[in-house]
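Hi there,

I'm passing a structure on to you, with a few notes to read beside it. Please open it first and have a look around.

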Amino acid sequence: MSLWVDKYRPRTLDDLHYHHDLTARLKSLAASGDFPHMLFYGPSGAGKKTRIACTLRQLFGPGVEKLRIDQRVFLTPSKRKLDLNVVQSNFHIEITPRLVLHSRTYLPRSSCIYTVNSEVGMYDRVVIQEILKEIAQTQQVDLNAKQRFKVVIINDADTLSRDAQAALRRTMEKYMNNMRIILCANSTSKLIAPIKSRCLLVRVAAPSSEEMHNALEYVAKREKFDLPPEASQQIVEDSNGNLRKAILVLEALKMQSPDLSGPLSIAKPDWETYCHKVADMIIQEQSPQRVMDVRAKLYELLSHCIPATVILKTVAERVVDKVDESIKADIMHWAAIYEVRMRQGNKKIFHLEAWVVKVMSLYKHSFYGIDLDDFEE
Amino acid sequence: MDKFFQPQAPRQSKAQKQAADSQLQPWVEKYRPKTIDDVTSQEHTVAVLQKSLLSTNLPHMLFYGPPGNGKTSTILALARQLFGPDNFRTRVLELNASDERGISIVREKIKDFARQTPRAQAVSSDGKTYPCPPYKIIILDEADSMTQDAQAALRRIMETYARITRFCLVCNYVTRIIEPLASRCSKFRFKPLDPGSTSSRLSHIATCEHVDASPDVISALINTSQGDLRRSITYLQSASRLSSSTVPPTPITARDIQEIAGVVPDVVINDFVATLGVEGTNDMDIDPSPGSGSKSNFDAIRKKVKEVVREGYSASQLLSQLHDLVILHPTITARQKARCALVFAEADKALCDGADEELWILEVALRIHKALS
Ligand SMILES: Nc1ncnc2c1ncn2[C@@H]1O[C@H](COP(=O)(O)OP(=O)(O)OP(=O)(O)O)[C@@H](O)[C@H]1O
Ligand SMILES: Nc1ncnc2c1ncn2[C@@H]1O[C@H](COP(=O)(O)OP(=O)(O)OP(=O)(O)O)[C@@H](O)[C@H]1O
Ligand SMILES: [Mg+2]
Ligand SMILES: [Mg+2]
């Protein structure tokens with residue numbers, strides 16, 4: 001039995017529940033023979049993947065849904081072997097160059113990359129190169145195919161290394177006759193300009209609250225139960241535009257209390273509760289000993305593969321909810337600064353810890369009413 | 001289906017079966033310059049290359065400049081004009097970032113390729129004569145993605161085969177090419193396309209494709225693509241597909257172009273800056289902002305930032321529009337503008353380094369707010 005998010009995932013463009021203008025555009029693109037390379041971007045759970053799948057179906061018909069998964073072996077320049085699963089149909093191939101934590105934990109996907117097989121992460125260029133060449137050099141054999149080209153879908157494209165992105169450039173132009181690329185990403189900032197210049201950019205905004213209500217309604221109707229408006233309201237508020245999260249929560253709640261009445265308690269994932277605990281510790285006491293205690297907790301989170309950026313943001317959000325207006329902006333300022341440093345540096349923990357110390361000091365000073373204007377960098 | 005009956009653009013040789021596809025081809029490929037004369041806007045480069053075409057004596061070359069302004073097209077066209085369609089394969093080797101370009105592989109490939117001394121065979125199957133000079137051309141496209149080591153090794157290779165090969169390095173960032181290599185080449189800078197050339201090229205394509213592109217639309221294309229012709233052509237083609245698919249077909253509007261280009265709509269921007277305490281100018285009718293004066297500015301700003309992030313706008317696009325609005329604003333003082341400029345610069349750098357977009361949009365918003373209060 002599949003989860004509701006999969007069971008009620010729209011399969012054709014006509015089934016999509018929202019962003020009808022965008023849907024119409026995709027339809028007209030699929031109908032014209034000159035389908036461009038595309039880049040879908042937008043927040044997590046907004047429905048990018050779903051929309052791409054529907055577009056493919058519009059292009060090729062139901063045949064694209066017949067998927068097979070191949071275990072592929074790639075050879076790195078240093079002659080080591082890489083294993084990677086590749087999903088494909090007769091008309092398209094889908095690659096996710098880096099492994100990503102499963103979304104059941106409600107993490108924003110692109111920020112929770114951890115490379116199980118770090119080799120694949122380092123050599124994503126090899127994978128891209130091989131697959132594209134292979135696709136580009138094979139002609140469409142299926143005579144009934146509606147298009148002469150095959151499509152290569154690259155998920156989490158914003159995590160591609162610069163090398164891998166560079167490898168896409170000329171290939172995208174040269175093999176345009178029998179290949180189109182669809183990139184899927186959370187944001188476009190991490191993609192190099194020459195790639196963006198070769199694609200049609202498609203923004204997929206998160207659904208509005210009303211659109212989310214409708215999508216939840218629809219699931220409830222198909223599952224034949226009544227969704228009380230208050231419950232729907234609470235789920236939508238909690239999920240912050242992430243429809244996947246909303247539907248997962250709905251299913252979980254329905255299991256807990258079948259009639260969905262009364263005040264509902266939406267369980268937070270463990271890591272989130274843990275981050276909140278860290279925030280509370282920072283506010284309760286500011287001392288060298290406390291820094292050490294917090295550090296231990298941060299380590300714990302990191303060792304569970306919770307991405308440092310997510311930890312920092314979650315803790316910071318909680319801290320600013322509990323402190324005086326006068327230091328909120330500063331706390332977020334330092335969060336922004338240390339987040340970048342974390343990316344450039346090697347050891348995430350150093351920067352997380354430095355931020356904690358900074359916040360404690362800000363807090364303590366504001367508590368004793370010291371003016372911090374000359375405290376800035 | 002009326003496309004079917006339209007006159008077809010004149011075709012340049014090549015295999016017939018590919019020609020059948022030309023109507024389905026993306027316009028960027030269809031209108032890729034066939035000769036160096038078709039290359040717009042790069043007058044200086046074209047003039048120099050014209051001369052070398054006559055004398056058939058080419059130096060090693062380094063083409064550099066931002067994306068989509070004709071670098072790859074120019075070298076391909078030049079090579080085709082030198083050798084003609086028949087000899088192209090045997091005389092021109094194109095290696096780009098998607099090819100394996102480790103030192104040993106480059107050396108092997110080039111050695112193999114350069115081994116047979118080229119013989120001139122001037123008259124081609126299409127009846128034209130080509131200069132067909134006695135050397136081969138090796139194009140290293142996207143050379144800025146080659147490692148320093150590979151570039152260093154290339155120095156020797158260039159010298160070893162100097163008699164029978166000419167190299168053309170193509171890249172976006174000339175600073176990523178090592179100096180000893182760069183100094184062996186004549187450098188050609190490809191400028192971002194100026195509005196005039198972009199406009200005439202786009203109008204030319206629009207006419208050939210029987211698309212109605214008003215001056216408004218053309219200027220929207222120029223503004224959104226910032227000198228990248230490939231991008232503006234892609235936008236134009238997408239817009240024309242959309243407009244022709246509605247019933248009845250509607251003309252393309254400037255707003256369509258902005259939507260395709262991911263421009264944040266004015267209402268969203270104006271609403272955003274109002275929260276930061278930026279006064280509305282005459283053309284922005286916004287209620288007096290709830291931000292200034294009220295108790296929790298921070299929460300109001302954070303809420304607004306989350307709203308914008310949910311819409312999925314690209315942070316760099318948002319920042320560049322905010323920048324323009326603040327810097328051109330009639331009532332913000334110069335000192336305040338200077339403070340804002342600082343944060344825009346920091347944010348730009350941070351985003352290039354892969355920083356979290358939400359944190360930095362918030363940072364920019366808070367700092368603008370602080371600068372103005
Ligand atoms: N237009 C839609 N109408 C109804 N339900 C939708 C729609 N789009 C998406 N969904 C639901 O939301 C879920 C999440 O969508 P999807 O996986 O496409 O998100 P995504 O944008 O790819 O997210 P991520 O960036 O996290 O990968 C789907 O499983 C589906 O159930
Ligand atoms: N100067 C120009 N004159 C005419 N057409 C151009 C010019 N520049 C770009 N184009 C159009 O844009 C397309 C892409 O150009 P080209 O491949 O030469 O760009 P590039 O400079 O090599 O870019 P990149 O740095 O991204 O590789 C061409 O197919 C052509 O349609
Ligand atoms: Mg997805
Ligand atoms: Mg190029």
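Below I go through the contact between the chains, and then the surroundings of the ligand.

Some ground rules first: this is a predicted model, in which local features need pLDDT of at least 70 and side-chain atom pairs count only at pLDDT 80 or more, while totals for chains, interfaces and linings use all residues. Residues are numbered from 1 along each chain as its sequence is written, chains are lettered from A and ligands numbered from 1 in the order in which they are written, and side-chain values use heavy atoms, with hydrogens and water left out.

**Where the chains meet**

Chain B brings 65 residues to the contact and chain A brings 66 residues (contact means heavy atoms within 4.5 Å). Together they bury about 5,500 Å², with 46% of it on carbon and sulfur atoms; buried area is the accessible area (1.4 Å probe) that two parts lose on being put together, summed over both. R241(B), R310(B) and L359(B) supply 14% of the area that chain B buries against chain A, more than any other three residues.

There are 13 salt bridges between chain B and chain A (a side-chain nitrogen of Lys or Arg within 4 Å of a carboxyl oxygen of Asp or Glu). You can find one between the side chains of R170(A) and D141(B), at 3.7 Å, N to O.

Which helix gives the most to the side of chain B that touches chain A? That is α16(B), with nine residues (helices are DSSP runs of H or I, at least four residues, numbered from the N terminus). By class, this side of chain B has 18 nonpolar, 18 polar and 29 charged residues. Here Asp, Glu, Lys and Arg count as charged, Ala, Val, Leu, Ile, Met, Phe, Trp, Tyr, Cys and Pro as nonpolar, and the others, Gly among them, as polar.

**Around ligand 1**

Ligand 1 is surrounded by 19 residues, and V5(A), S44(A), G45(A), K48(A) and T50(A) are the closest (a heavy atom within 4 Å). The largest share of this shell, four residues, comes from α3(A).

Oxygen atoms of ligand 1 lie 2.9 Å from a polar backbone atom of G47(A) and 3.0 Å from one of K49(A). For R244(A), an N or O atom in the side chain is 2.9 Å from an oxygen atom of the ligand. Taken alone, ligand 1 exposes 640 Å², and the protein buries 96% of that (Shrake-Rupley method, 1.4 Å probe).

Enjoy exploring!

Key: Helix = DSSP H or I, 4+ residues; strand = E, 2+ residues; numbered from the N terminus. Polar contact = N/O pair within 3.5 Å; in protein donor to acceptor, adjacent residues only side chain to side chain.
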